[in-house]
There are 2 protein chains.
Amino acid sequence: MKDLLLAHINRHISLTNVEEEEFKGIIAEKKVFRKSFLIESGVMVNELYYVVEGCLKAYYVDDLGNKHILQFAIEDWWITDFNALHNNIPAELYIEAIENCTVLAISTVALEELYIRIPKFERFFRILYTNAFIALRKRVMSSLHRTNSIRYLEFFERYPNIERRVTNYHIANYLGITAESLCRIRRDLGM
Amino acid sequence: MKDLLLAHINRHISLTNVEEEEFKGIIAEKKVFRKSFLIESGVMVNELYYVVEGCLKAYYVDDLGNKHILQFAIEDWWITDFNALHNNIPAELYIEAIENCTVLAISTVALEELYIRIPKFERFFRILYTNAFIALRKRVMSSLHRTNSIRYLEFFERYPNIERRVTNYHIANYLGITAESLCRIRRDLGM
């Protein structure tokens, strides 16, 4: 399991065997069963998660009890309540497993120590956050001017092969459109 | 001018005098006059800009010729077409000065060399992109569920004292609402 994450990291930096072993020492495997929570709104968050297997959703519940999906995470994605984690405030988000999942958890305390001992990890996470920032800018730009049909197609580019793993309701919610609009788009696209 | 940027950087990392001088050597001051462009759609982008003075907007022009403002940048902000810069593709955005501006430019080639010579900069830019990513997540979350009045107030929290520097049209465009809606919101808020 941990080797998958190391392969992911070694795409951007080169770790020695000793560094790999040290890194493995700070990550912990966690199982999250379908419909159970990795994070619940209101709790303090001190871990970042890498998805080895399964599918999760991060969502916000507003004052009226409506859910708003902010992110999905599938294999090879990272997920947490980033705002809560980095600003040391209670979680605003729920992170719930859509399927049975295996994730690798890294605590921020261990990560801060790792940055000092192996500064290459600064580079890895710089690249990771830069890519995440750019992907999110694309999503914001897309929501500003693209048609819902194009945004639907972009969703599948971003989350390949996800259609059998999440419901249409999930996808419509993520895109901020109604289930009826989504049906119409799928029909128009011949999907 | 360059000392302002060094103060900004030294909030997160500690540079020695020698490192500060080396960094100053790779940044170049640029003047951008009101209504002129720092980046135009279609050009290759190889610089990141830190705003020392002035106000700029980054926007996309869609196929129908409509502008969509993605970002404003005022003093102490960074701006560029991040997607074009990091993926080495032509710019999709225009970056235009709303006021006469002074920016400091850093080329990515020089920055990549700097990462190797002074790895502390990996840390600085990791923190910078992490914060940018978190701020953008908040904006996406806000657009998913907040009322336009709340989003208008959040805009002023994000860009303090900007109201005399940009037009209501600009703000409405950034929020993705009509100028009429913005007028109504301002009236309701007693602004």
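Me: What is B:Tyr49 in contact with, leaving aside its neighbours within four places in sequence?

Reply: In this predicted model, B:Tyr49 is in contact with B:Leu38, B:Trp78, B:Ile79, B:Thr80, B:Val103, B:Leu104 and B:Ala105. To count as a contact, the C-beta atoms of two residues must lie within 7 Å.

Me: Why is strand β3 of chain B called largely enclosed?

Reply: Good one to start with! A residue is buried if 20 or more other C-beta atoms lie within 10 Å of its own. Five of the seven residues of β3(B), which covers residues 47-53, are buried, so the rest of the structure largely encloses this strand.

Me: What makes β3(B) and β8(B) a pair?

Reply: Two strands pair if DSSP finds at least two bridges between them. Here six bridges join β3(B) to β8(B), residues 101-107, and the two run antiparallel. For instance, B:Leu48 has B:Ile106 as its bridge partner in β8(B).

Me: Which residues touch the most other members of the largest nonpolar core?

Reply: B:Tyr49 again, along with B:Val51, B:Leu56, A:Tyr49, A:Val51 and A:Leu56, in a core of 97 residues. Helix α5 of chain A, residues 120-145, gives the most to this core, with nine residues.

Me: How many residues of chain B are in contact with chain A?

Reply: There are 28 residues of chain B in contact with 28 of chain A. β5, α3 and α5 of chain B each supply at least two residues to that side of chain B, and α5(B) gives the most, with 18 residues. By kind, this side has 14 nonpolar, seven polar and seven charged residues.

Me: How do you know that the copies meet through the same surface?

Reply: Compare the two sets of interface residues. 100% of those in chain B are also interface residues in chain A, so the copies meet through the same surface.

How values were computed. Residues are numbered from 1 along each chain as its sequence is written. Chains are lettered from A and ligands numbered from 1 in the order in which they are written. This is a predicted model: local features need pLDDT of at least 70, side-chain atom pairs count only at pLDDT 80 or more; totals for chains, interfaces and linings use all residues. A residue is buried if 20 or more other C-beta atoms lie within 10 Å of its own, exposed if 12 or fewer, and partly exposed in between; C-beta atoms are placed from the backbone. Helices (H or I, at least four residues) and strands (E, at least two) are DSSP runs, numbered from the N terminus. Ala, Val, Leu, Ile, Met, Phe, Trp, Tyr, Cys and Pro count as nonpolar, Asp, Glu, Lys and Arg as charged, and the others, Gly among them, as polar. A nonpolar core is a set of buried Ala, Val, Leu, Ile, Met, Phe, Trp, Tyr and Cys residues joined through C-beta atoms within 7 Å.
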